[in-house]
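Me: I'm new to reading protein models. Can you walk me through one, feature by feature?

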Amino acid sequence: MIEFLNTLGGKKEVFVPLVPGEVKVYTCGPTVYDFAHIGNFRAYIFEDLLKRFFQFMGYRVTHVMNITDVDDKTIAASNARGLSLKDYTEAYIQAFFDDLRILNIAPADRYPRATEHIPEMTQIIAGLLEKGYAYRQEGSVYFSIAKFPGYGKLSRIKPEDLRTSDRIEADEYEKESARDFALWKAPKEGEPVWETEIGPGRPGWHIECSAMSSKYLGQPFDIHCGGVDNIFPHHENEIAQSEAYSGKPLANVWLHCHHLIINGKKMSKSKGNYFTLKDLLAKRINPAVLRYLLLTTHYRRVLNFTFEALDQASAALQRIKDFLYEIETASFPPGRSAAVPELLAEARTKFVDGLSDDLNISLALTALFELIKKINVLIKDGKILADDAIETSAFVYSLDRVLGVLPSTKETELPEELRAKVRDRERARKEKNYGLADEIRRELADAGVLLEDAKDGVRWKLIKKNE
Ligand SMILES: [Zn+2]
């Protein structure tokens, strides 16, 4: 039973997928006017945890993340640099994908771009005009919030605070200025223009997500994610547009991750406490440690980023890696104990129970660290056998399918000279030259390569001790 605190309604609810065994997730992606900052990555890593956990639990996940490559910000920034919108945004789109790879964020199934979905947007706007939810004003089209009785249900805005006789042109604004918002913006000097069935112009930001989510996931879909900043006006407006247009709910569950602050203060470029991933890599921060830190504060709590917190994250991650190194390199007597399989089963249950409770990552990690502690005691007492060691290591790697913080063990990462040594050792073993085989095994262990002799031959893992 997986439960989430649904922003829509504000209650903890048991998650029931629309199709058993499948989850359709839409997450608001980057507005590509600049490099993403670590507050953005906090949200993307929370969404990655959500997705990996569902996959771990056997669900088939379909994940769509949009790319906002036309809006107020991208237009202003490309004009300031004297570049076309396409040329300007392309560099930031590629930088965004690079950052995702570096942070080991599993790719979405699709990354639709707003500029490639204008007809889908104008179709919804035309429908809203026809149904009377939208109206034209000086070449633009606005959504009439007074016509949609559900307006405010996500952000819990009070109807008496709505300024229903007023309009707002900008994509982003505060709750206090809730009013009719732009679905379609009239042509303006220095802005891109599309010639469409509803006239010339360009989309407002909110309609982009309504069009791209329903195109690829249908309506309703299971889960819509974003940061708390998105609740109003962005997601409130998405709900109004999509539900008024189709008469169906947009998404069943809405999850929002909280802010990231730096040293207790709001992140701000002018105060110099603003970091992109590149800024942190330049300070020689290990991306796996950064991922660990961003992952391990519960998504609904404010995350206070400090360099001390990063050191603590590094120490915690190192504890896991040291444990794996120990269990994979030490030699244990053959066989399997009665105690270890039980400990692994118990740890798995606690890990799953933790994450099933609205992604309580602290409970999940406690399960892992308790296991490490208990196994270390057994190692000290000489009670761990060879099969226990292999199974414990495999278990920790299985949890890492959710956490994504351990070094990868892809074969291509093993340099040829080490691969040659693995082959030499195999040969020595086949020739029953066990002295030489053990010697090569030790050499490989010193280089961080751990061997497991399995029925179908030898398997190896790369453990970089001081990574
Ligand atoms: Zn969005």
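Me: At what angle do H5 and helix H6 pack, and how far apart are their axes?

Reply: Some background before that. This is a predicted model, where local features need pLDDT of at least 70 and side-chain atom pairs count only at pLDDT 80 or more, while totals for chains, interfaces and linings use all residues. Residues are numbered from 1 along each chain as its sequence is written, and side-chain values use heavy atoms, leaving out hydrogens and water. Helices (H or I, at least four residues) and strands (E, at least two) are DSSP runs, numbered from the N terminus. Axes are lines fitted to C-alpha atoms, for helices over the stretch in contact, and angles run from 0 to 180 degrees between N-to-C directions. Here, H5 and H6 (residues 231–246) pack at about 55 degrees, with their axes 9 Å apart.

Me: What do we call the way H5 and H6 lie to each other?

Reply: Under 35 degrees counts as roughly parallel, over 145 as roughly antiparallel, 65 to 115 as roughly perpendicular and the rest as oblique. H5 and H6 are therefore oblique to each other.

Me: How do helix H10 and helix H11 lie to each other?

Reply: Helix H10 (residues 339–356) and helix H11 (residues 361–380) pack at about 165 degrees, with axes 6 Å apart. That makes H10 and H11 roughly antiparallel to each other. Leu-343 of H10 and Ala-367 of H11 are among the residues in that contact.

Me: Which residues are the protein donors of the zinc ion?

Reply: Donors are N, O and S atoms within 2.8 Å of the metal (3.2 Å for Na, K and Ca); water is not among the atoms, so sites may look incomplete. In this model the protein donors are Cys-28 (SG), Cys-209 (SG) and His-234 (NE2), lying 2.0 to 2.2 Å from the zinc ion. Cys-28 sits in the loop between strand E3 (22–27) and helix H1 (38–56) and Cys-209 in helix H5 (residues 205–217), so the pair ties together parts 181 residues apart in sequence.

Me: Are Cys-28 and Cys-209 buried or exposed?

Reply: Buried means under 20% relative accessible area, exposed over 50%, partly exposed in between (1.4 Å probe, protein chains only). Both Cys-28 and Cys-209 are buried.

Me: What is the strand order in the open sheet of 4 strands?

Reply: Two strands pair if DSSP finds at least two bridges between them. The order is E4-E3-E11-E12, with parallel pairing. Strand E4 (60–65) and strand E12 (251–257) are the edges, each pairing on one side only.

How values were computed:
Contact means heavy atoms within 4.5 Å.
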